[in-house]
Amino acid sequence: MTNQFKNYKLSNEIIDALTILGYTEPTEIQKEVISLALQGRDIVGKSQTGSGKTAAFAIPLCEEAVWEDNAPTALVLEPTRELTVQTKQEIFHIGRKKRLKVPDVFGGFPIDKQIQTLKQKSHIVVGTPGRVMDHIRRGTLILSNVKSVVIDEADLMFDMGFADDMRQILGEIKTNPRIMLFSATIGEAIEDMIERYLKEPVFVEVAITEETRIDIKQEIYEVEKASEENELNNEKYETFLHLLARENPDSCMIFCGTKEMVNVLCRKLRKDGVKCGMIHGDIDQQDRIRTVEGFREGRFRYLIATDVVARGIDFDNLSHVFNYDFPTGRETYVHRIGRTGRNGNTGIAISLVTESDQKMKSMVESYVGYELPVTEYVPVSKDEENAFWQRQNEKVVLKKKKGAEFNKTITKLSISGGKKSKMRAVDIVGTICSINGILADDIGVIDVRDSLTYVEILNGKGKKVLDALQDKTIKGKVRKVRLTR
Ligand code: AMP
């Protein structure tokens, strides 16, 4: 089957990368955004996570990036650190055959390392507004070559208090860049921003289709409200655990209203022998990223989360979503349940509702345009319960990481010598291209550190290059060259 992305004006490197990623047909938002973006238009995209919106802007950004450029040509702003990492990975994969460098910058990680990375060649920078502003102030993020800016999940950016940082960043960019703004909802604050900073933007909206909604079975169970003394209401917890056992999902997300509740529920489930992980804003940055990775790989089945941190993070094939606490915003309900029933799969969204959630439930009903009838609770059977605990004790089978297909044909080599000995990417390219049968296209990302350089060799030619470099000189010397993975 030919890759339908060939219908766009995209270079072979981008088409090849998309094919490796398994993207052969553009999603609705991609159909709308890619051509407009390639024409250089400003865009406002109203769409949700799961629609393929990251690739919708990443494909044109990667297409437009020029490897020879040293300073970044695009800046992508994300509200959370998790989204920064996820978006960086998506852009990196799409731009991999063009050897694009896509550094990410966000708080909670040492700034020095980020400065080192930014000093090297970089093409597309992804970051959270606070840290991006920090780098701009320090002069470590060069803006003089920026041609495109993406503001992703704009409504969440405002909710998280990044309005001033965003305005400052846009004010600092003097190159009159094209702006693409994506948001699930477009309120007054975002309208103001569009008015002020975007130039004749095209509005693109990808609606939640009737089909998507029908694919998600929604169940509502009425429970007692937790009391002040008993944060973890037992009746609610027991009902939840029974529903979880009855459904026995392969993997699911469980949403709570507060960070405290996430902690309490996670602790209780673990005490009861259920393997789960949690993310919320107070958890250490590295742990959050590790948890998201672990969940993606299937190291544990259930992820308990607050809305803000979980928003936008893409997990494949979630069969279930649980609202342990009913959401406090009607759009939040749609976001949460939209994490299941993706890509034509069916999904189940189960919500627990207390007396005080009834008002919000009605608001959700008028928002989505259909009733959410209360489901009668049928206790879990002994067999169902046994099956659940058996699954809890099963050994996990790790899922393939995204981009794994790339890694099959890519070898990463380390070469002794780096910035301290004035090693430059061109020195490496020069020597490697002098090897018989190796072309510049076979070289991937080159990362020059202080006294070591990493280089990726593509197209399954790693062994050949490794062997040849054992006695070839790079910048006048035979170097120690090793395989790093
Ligand atoms: P996003 O809405 O950007 O979070 O993307 C949702 C998921 O769809 C991600 O796992 C992407 O890797 C995947 N995806 C994006 N575009 C395509 C495509 N054209 N074909 C198949 N999968 C895609």
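**Reading rings, charges and cysteines**

User: Let's start with one cysteine: does C276 count as buried or exposed?

Analyst: C276 counts as buried, because its relative accessibility is 6%. Buried means under 20% relative accessible area, exposed over 50%, and partly exposed in between (1.4 Å probe, protein chains only). Keep in mind that this is a predicted model, where local features need pLDDT of at least 70, side-chain atom pairs count only at pLDDT 80 or more, and totals for chains, interfaces and linings use all residues. Residues are numbered from 1 along each chain as its sequence is written, and side-chain values use heavy atoms, with hydrogens and water left out.

User: How many disulfides does a search of the whole structure find?

Analyst: A disulfide is a covalent bond between the sulfur atoms of two cysteines; here the test is a pair of cysteine sulfur atoms within 2.5 Å. The search turns up 0 of them. Take C256: the nearest cysteine sulfur belongs to C266, 9.3 Å away. C256 is buried too, at a relative accessible area of 0%.

User: What about aromatic pairs: how many does the structure hold?

Analyst: There are 10. Rings of Phe, Tyr and Trp (its six-membered ring) pair if their centres lie within 6.5 Å; planes under 30 degrees apart are stacked, over 60 edge-to-face, and the rest tilted. F295 and F315 make an edge-to-face pair, with centres 4.8 Å apart and 85° between the planes. This pair links distant parts of the chain, 20 residues apart: F295 is in helix α13 (residues 285-297), while F315 is in the loop between α14 (307-310) and β12 (320-323). Helices (H or I, at least four residues) and strands (E, at least two) are DSSP runs, numbered from the N terminus. Both F295 and F315 are buried.

User: Why is the pair of F326 and Y333 called tilted?

Analyst: Because its planes meet at 35°, with the ring centres 5.7 Å apart. F326 is buried at 4% relative accessible area, and Y333 at 0%. Y333 belongs to helix α15 (residues 330-337), where V334, H335, R336 and I337 are buried as well.

User: Which charged end sits over the ring of W67?

Analyst: That of R99, 4.6 Å from the ring centre. The rule is NZ of Lys or CZ of Arg within 6 Å of the ring centre and within 35 degrees of the ring normal. K412 does likewise over the face of Y454, at 5.0 Å from the ring centre.
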